[in-house]
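Subject: Handover of the structure

Hello,

I am passing the structure on to you. Please open it first and then read the notes below.

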Amino acid sequence: MTAVATRLLPSRRTSRSVLYALSAVLVLAIVVAYTGADELTSRGTASAALRLAIPILMAGLGGLFAERAGVVNIGLEGMMIAGTWFGAWGSWQFGPWWGVALGVAGGAVFGLIHAVATVTFAVDHIVSGVAINILAGGAMRFLSSITYTPETGGSVVQSPGVTKMDTFNTPFVAGGNLFGWKSPDLLGWLEDRDWFFVSDGAGVLRGVTGEVSWLTLLAVALVPLSVFVLWRTAWGLRLRSCGEHPWAAESLGVPVLRMKYYGVLISGGLAGLGGAFIVLVQQGLYREASTAGRGFIGLGALIFGNWMPAGVLNGALLFGFGDSLRFRGAVTVRALLLTIGVGLVALAVWRWRRKRPRAAGVQGALALMVLLGYALLTEVPDQLITATPYLITLLVLAIATQSLRMPAADGARYRKGETG
Amino acid sequence: MKSRRWLVAVVAPLAAMVFSVGVASLALIAFDIDPLFAFKEMWTFGTSTESLINIANRSVPLYVAAMAVAVGFKMNLFNIGVEGQYLLAALFAAWAGALVALPAVLHVAFILLVAMVVGSGWAWIAGFLKVKRGIHEVISTIMLNFIGFSLSAYLFLNVFRGETEGLIVATGQIPKSGWMPSLNPVLGWFGVTPRRGSELQSFLIIAIALGIGYHLLVKRSRFGFDLRASGINPAAAQASGVDPKRMIIRTMMISGAIAGLVGMSVLLGFFHQYPQDFSRGYGFNGIAVALLGRNHAAGMVFAALLWGFLERSSLILDLRDVPSEIVTIIQGTVVLGVVVAYEVVSRLAERQTVRAAARAAAALESGGAQEAA
C-alpha cells in the first residue's frame, strides 16, 4: 500500500528540484519588484535563455558521454565548429533537417579523429583535444573558402543565409494552434497581469513554451534519454564501467576500446548538434567563431552538474540565463549583479553559521565586490556585458560546492591487456 | 640509446609533415587544383629576402608564445590562456611605456617588465582557481581569455586611449627611447640589403636568449627538475618533497610572464603604440608550435619557423587562385599528426628496447650457463 503511494507521489529528487526552481523565480521576482528590471523574468529573456542554453547543454552532454567512457574531450569546441559549418551547409543545400543530420555527422567525424588519437594511439587526451580544436578551425576555414566565398553573401568567414528551423507554440499555455484552431494564451495572459511572483513565473514558463523550435524539443529530450541509456541499460553500464575502471571492465569481457569509441563518437555528434543548433535556431547562417567558447562552457556545465545529465541541464540553463541577459541591456545586468550579490551574502551567512569562517569571509568579500559593482556601475559598458557568460561560468565554478566526483579513470591512458 | 631518442625526435615530426602535406594535396586535388604548382609557388615566394625577414619576425612571437605554453606542458599544466595574457600585457605595457621617459635601454626594460608582471598576474588567477577551487586550468584560462578580450577592449577605449590624429585609435606613442632598433645594419654586414619597409626586428635577440634561458630552466635547474618530475609522476614528485600547489602557482606565473613578452616584438619593433588592430592569434598558434616542437627549446624554433613560413608563403596563393586556407589544413593536420606519430614511434622504439634487452639478457644467461658447466 505504502509502496504504491510513494510511487505515485513525485520522488524526493523531483520535488526538491521543483522547490529550487520556485525559489529561483521568487528571488528573481523580488529583484524585479525592487529594481523594476522587468526583463529579468520576461518571456523574451526566458526564451533566449533556453535558446542559448541548448548549445551548452549539447556540449555538456557530449562531454558526459566521452568522460563517462573515460576520455576527456577538450575538442568539443572544435567538434561544435564542425557542427556549425556542416549544419549551415546542409541547410543551405537541402533544408534544415539535413543541416541537423550533417551537423551531427560533421561533429562525429572529429569525434572519430579524437577517438583514433586517444583510444587507439593512447595520445594524451588534452593534447589531442587541443590539436582537434586547431584542426577543426582550419579545416572549416578551408571549406568556407571553397564553398561559400563564390556565393553572394558568403565569404571565407561566413555562409549565405540558410533556412532556419521551424518553431511552434504550445497549445493552451502559449496560444498555439490545434488543428487550425487558435487556443488561448493562458501564460501570456497571466504574464501581462503584473502580479508579483505569479506573473514572473508565468513569464518564464511562457518563454520556454512559446516559439520553441523542434530542434530545441529534441535537444531537451536528449537529457532523459541520456539518463535512460547510461543508467538503465546494460550498454550504459558497460560504457560507464570503462570510465570508472577499464581494467576491471576488460576482465569481465567488456570491449573497452569499442565502448570508448562509442562514447567519443556520440560526444562528437552531440557537440555537432549543438553547433548545428547555433546555426539553425540562433543565427540563420554560419559565421566563423560563432561558437565563442560554448564547447568549453559546456565542459563547465558538465563539471557543475557533477557528470550527471540533469546536473548538466541545470548548469546549461544557468549559463544560458547569464548569457541571455547580455542582449537585455545594462539595467538587467545590474539587476543580475544585485541578485548575485544578495545570493552571496546569504551563502556567506550560511557558511558562517556552519562554522566555516574562512569560506564565509571569501564569499563575503566577493559579495561586497559584486554589490560595489552594482552601486558604482550605473552604466555597464558593452564590452563588459559581452564578458558576462564567461564571468558567470568562472564564478559559478569557483563558488559551487566541491563535493564533486568525476569518473575515476577519466583521462587515464588505457591500453588493452595492461593492468591498472 | 641516445641516438635512438634523437631518431624518434626527428622521425615523428617528419612523418607528420609528410602526412599533412599529403592530406593538403588530396584536399587540393579534390577541388581540381594542382598541389605541386601550389607548393612551388609557396616555396619561390617564401624564400625571397623580404619573405625570410618577414618569417623571422613572425616566428619570434610564436616562439615566445610556444615557450609560455611549453613550460606548463612540462608538468601537464595547460595554459591555453596565452592569447589573453599577451594582449592584456601588451596593452598595459604600451600604456605604461608612453607615460614615462627613461634612458633608452632602461625604458625598454621597464616596458618588458610591465608586460611580464601583467601577463604573470593574469595567469596567476588561473593557478589560484586551480589550487584553491579545483577548477581545471583549461576551462579557467579559456574563460579568462574571453574576459581578457573584453577587459582590454574596455580599457583601451575608455581608459588607455591616447591623443591620436585622424581615424587611428591607439594608445599614446611610446617615446623613441622605448623603441627597439631594426637589425638591418647587421644584415648589411653580410651584404644583404632588404627593400625599404622590410626590417628585421631586434627582439629576435631577446627571443634567442629566452630560448637558452628556457632550456637551462627546464633541464638544468632545481625548478626544472621539479617541473618535469611533477609532469611525469606527480605522486612521486610530491613524495620527494615537491609541493604540487606551489608548483602550479609558480609555473602558471612563469608561463604568464613569458606570455607577457609575446606581443613585445611587434609593440617595440613595429607599432610603438597599441592600436585597435594589434596583432592577434600568437597565443593560439603558440600552442600548436609547442605541440609540434615537443616543448623542446630547439624543436620549437623549427616549429615556429615552419609556422612563419606557412603563413607568409600562403599570401601568394590567393593571387594564384589557390585558396590560401590550405595552409590552415596543413597546420591542423601536422599538429595532430605529430602527437600521434610521436606516440607511435616512441612505442616502436620502446618495443625494440625491450627486445634488445631481452636478447642481451638471454645472451648473458646462456653465457652464464656455459660458465657454470
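Does A:Trp307 count as buried or exposed, and why? A:Trp307 counts as buried because 21 C-beta neighbours lie inside 10 Å. The cut-offs are these: a residue is buried if 20 or more other C-beta atoms lie within 10 Å of its own, exposed if 12 or fewer, and partly exposed in between, with C-beta atoms placed from the backbone.

Before the rest, some conventions. This is a predicted model, in which local features need pLDDT of at least 70 and side-chain atom pairs count only at pLDDT 80 or more, while totals for chains, interfaces and linings use all residues. Residues are numbered from 1 along each chain as its sequence is written, and chains are lettered from A and ligands numbered from 1 in the order in which they are written.

Two loop residues

A:Trp307 sits in the loop between helix H13 (294–304) and helix H14 (309–324) of chain A. Helices (H or I, at least four residues) and strands (E, at least two) are DSSP runs, numbered from the N terminus. The phi of A:Trp307 is near 60°, a positive value in a residue other than glycine. Most residues other than glycine have a negative phi.

B:Asp321 also has a phi near 60°, again a positive value in a residue other than glycine. B:Asp321 lies in the loop between helix H15 (315–319) and H16 of chain B. B:Asp321 counts as exposed, because it has 8 C-beta neighbours inside 10 Å.

Chain A

Chain A contains 18 helices and four strands. Of its 420 residues, 53% are buried. The C-alpha trace spans about 60 × 60 × 55 Å along its principal axes.

Two residues are in contact if their C-beta atoms, placed from the backbone, lie within 7 Å. Among contacts in chain A between residues at least 6 apart in sequence, 74% join residues at least 24 apart.

The domain assignment (automatic or from a database) gives chain A domain 1 (33–166 + 211–323) and domain 2 (170–200). The centres of domain 1 and domain 2 of chain A, taken over C-alpha atoms, are 32 Å apart.

Helix H10 (residues 234–244) of chain A has as its buried residues A:Leu239, A:Arg240, A:Ser241, A:Cys242 and A:Gly243. Among the elements that cover them are helix H3 (43–68), helix H9 (214–232), helix H11 (246–251) and helix H12 (256–283) of chain A.

Helix H5 (residues 96–120) and helix H6 (residues 125–147) of chain A have axes that come within 10 Å and cross at roughly 145°. Axes are lines fitted to C-alpha atoms, for helices over the stretch in contact, and angles run from 0 to 180 degrees between N-to-C directions. From H5(A), A:Phe110, A:Ile113, A:His114, A:Ala117 and A:Thr118 meet A:His125, A:Ser128, A:Gly129, A:Ile132 and A:Ala136 of H6(A). By class, this contact of H5(A) with H6(A) has five nonpolar, five polar and no charged residues. Here Ala, Val, Leu, Ile, Met, Phe, Trp, Tyr, Cys and Pro count as nonpolar, Asp, Glu, Lys and Arg as charged, and the others, Gly among them, as polar.

Chain B

Chain B has 16 helices and zero strands. Its C-alpha atoms fill a box of roughly 95 × 55 × 45 Å along the principal axes. Of the 373 residues of chain B, 49% count as buried.

B:Ala341 is in helix H16 of chain B and counts as buried, because 23 C-beta neighbours lie inside 10 Å. B:Ala341 touches B:Ala12, B:Ala15 and B:Ala16, not counting residues up to four places away in sequence. B:Ala341 and B:Ala15 are 326 residues apart along the chain, and their C-alpha atoms are separated by 6.9 Å.

Where the chains meet

The contact takes 37 residues from chain A and 35 residues from chain B. On the side of chain B that touches chain A, helix H5 (104–133), helix H6 (137–158), helix H13 (282–292) and helix H16 (326–372) of chain B each supply at least two residues. H16(B) gives the most to that side, with 12 residues. By class, the side of chain B that touches chain A has 24 nonpolar, eight polar and three charged residues.

Regards
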